[in-house]
Amino acid sequence: MSLKNSERNMLEVIGDQSLLGDVCASLSLPDIVCLSSTSRTVRDAIRDHISENEIAAARHMVMDYGFCLDHLDLLHEYLAKHKIPIKTTEKEKAEGDSGWDNQSLTWGVQAENWDRKVEKYHSAAERKYRGLCQWVISWHATCMDASRQRALIVRPGETIQCDLTFHSSCLSNTCIIQMQVAIDSIDVAGGNRGDVAEVCCSSNSSRTKFSLTAPEEPGLYMIRYMSSWHYSFRQAANEQWPKPLARTPDEFAGSFIAWLRVDPTAAKKPAGNCV
């Protein structure tokens with residue numbers, strides 16, 4: 001993902017670069033800070049005692065994967081909305097499954113999880129892995145505000161045009177396996193979803209276009225993809241929606257495509273580049 005020229009104007013908000021300190025000496029400021037009303041400057045990061053590694057991880061997620069700099073804030077908001085717990089004590093961390101904790105809600109861990117998913121896909125492709133392998137290779141959406149492709153802003157009931165390049169394969173058995181894209185927390189059995197691919201002892205790497213209709217209720221949602229083992233897309237949709245899917249960091253990294261903010265006051269902005 002490359003920054004547009006207009007996004008480099010954010011340097012004016014940073015002011016005297018000598019105040020940034022040695023921690024940012026080796027980092028390119030335009031690579032770290034994207035121009036938006038919610039972006040955090042490098043000065044903010046230093047003031048809040050974010051480490052150099054954390055800044056580098058944020059830069060990596062923004063530049064290489066197209067994430068927005070308020071991604072962690074949106075993730076916190078999403079978890080709170082769906083009452084998904086965040087472990088805060090050592091006792092909680094030692095018990096139960098691999099759920100969310102404060103460490104997993106950092107840029108560093110988010111980058112590690114995403115890198116691991118990308119590496120797993122590339123490794124499977126190179127080894128011609130015969131088990132299930134699904135991945136969203138590229139994503140582009142057009143809507144009211146698609147200036148940040150992983151954080152869309154739409155009006156209630158708006159149509160979102162989606163353009164997806166994907167890979168879906170499973171060569172090890174004769175089960176029918178679906179790959180679908182939809183907005184979480186809404187019923188999509190009757191439609192309002194992208195039926196991306198259906199494979200049966202086969203492989204499909206292609207590009208598809210579909211549309212999604214935004215919920216009427218304002219708030220934060222997630223656009224995600226899922227795999228299911230059923231006889232039809234409708235059966236698969238009945239299993240996977242409506243429900244949030246971010247109970248663990250791995251579950252989140254394995255399905256997330258983009259945030260979706262439904263806002264009646266959303267203003268028109270040109271679409272950004274695909275991610």
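This is a predicted model: local features need pLDDT of at least 70, side-chain atom pairs count only at pLDDT 80 or more; totals for chains, interfaces and linings use all residues.
View 1. Helices (H or I, at least four residues) and strands (E, at least two) are DSSP runs, numbered from the N terminus. Residues are numbered from 1 along each chain as its sequence is written, and side-chain values use heavy atoms, with hydrogens and water left out. The volume of the second largest pocket is about 390 Å³, counted as the space filled by probe spheres set on grid points joined across faces, edges and corners. Of its 14 lining residues, Lys120, Leu132, Cys133, Gln134 and Tyr225 are the closest to the centre. A pocket here is an open set of points on a 1 Å grid over the protein atoms alone, where a 1.4 Å probe fits, with protein on both sides within 12 Å along at least five of seven lines; lining residues have an atom within 4 Å of a point.

**View 2. Arginine 130 sits in the loop between H6 and E3.** With 49% relative accessibility, arginine 130 counts as partly exposed (buried means under 20% relative accessible area, exposed over 50%, partly exposed in between; 1.4 Å probe, protein chains only). Beyond its neighbours within four places in sequence, arginine 130 is in contact (heavy atoms within 4.5 Å) with Cys170, Leu171 and Ser172.

**View 3. Helix H3 and the glycine that follows.** The 14 residues of H3 (residues 52-65) should span 20 Å at 1.5 Å a residue, and the end C-alpha atoms are 19 Å apart, which agrees; the expected span is 1.5 Å times one less than the number of residues. Among the buried residues of H3 are Ile55, Met61 and Tyr65. Just after H3, glycine 66 has a positive phi of about 80°.

**View 4. Tryptophan 100 meets phenylalanine 252.** Their ring centres are 6.0 Å apart and their planes at 70°, so the pair is edge-to-face. Rings of Phe, Tyr and Trp (its six-membered ring) pair if their centres lie within 6.5 Å; planes under 30 degrees apart count as stacked, over 60 as edge-to-face and the rest as tilted. Both residues are buried.
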